[in-house]
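Dear colleague,

I am passing on the structure below, and the notes that follow it set out what was found. Please read them with the structure open beside you.

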Amino acid sequence: MKLLKRHLLQQNKMKIQNRHHYMDENFVFTSPEGYTLVQKLPAIRLQRLLKKLPHNNKKITLHPFRHTHTSLQIKQVQELKKSNND
């Protein structure tokens, strides 16, 4: 999670630097202009980041992040509905 948070901080800096032409569609992995990347590029980047972790023998793909993102969105909607009902 620390790596992902670090990536998001860097991405937010990139959004600010390129604010006049950044296409913000809330993608996690984008080009400096905000466009989606070819799937292989983020996968290569993820593997490179994982190699930097000590004691990491697991091969992690990008697919679980899709499920995590969806689960977090569902939780957010449920919390919003709950707070609106209170």
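Helices here are DSSP runs of H or I with at least four residues, numbered from the N terminus, and the expected span of a helix is 1.5 Å times one less than its number of residues. This is a predicted model, in which local features need pLDDT of at least 70 and side-chain atom pairs count only at pLDDT 80 or more, while totals for chains, interfaces and linings use all residues. Residues are numbered from 1 along each chain as its sequence is written, and side-chain values use heavy atoms, with hydrogens and water left out.

Helix α2 (residues 40-51) has 12 residues and reaches 17 Å from its first C-alpha to its last, close to the 16 Å expected. Its buried residues (under 20% relative accessible area, with exposed meaning over 50% and partly exposed in between, for a 1.4 Å probe and protein chains only) are P42, L46, L49 and L50. Seen down the axis of α2, these fall within an arc of 100° (taken from the directions from the helix axis to the C-beta atoms), so they line one face of the helix. On the other side of α2, K40 and K51 are exposed. The cover over the buried residues of α2, judged by contact (heavy atoms within 4.5 Å), includes α1 (2-17) and α3 (63-85).

As for the lining of the largest pocket, α3 gives the most to it, with nine residues.

With kind regards

Terms used:
Helix = DSSP H or I, 4+ residues; strand = E, 2+ residues; numbered from the N terminus.
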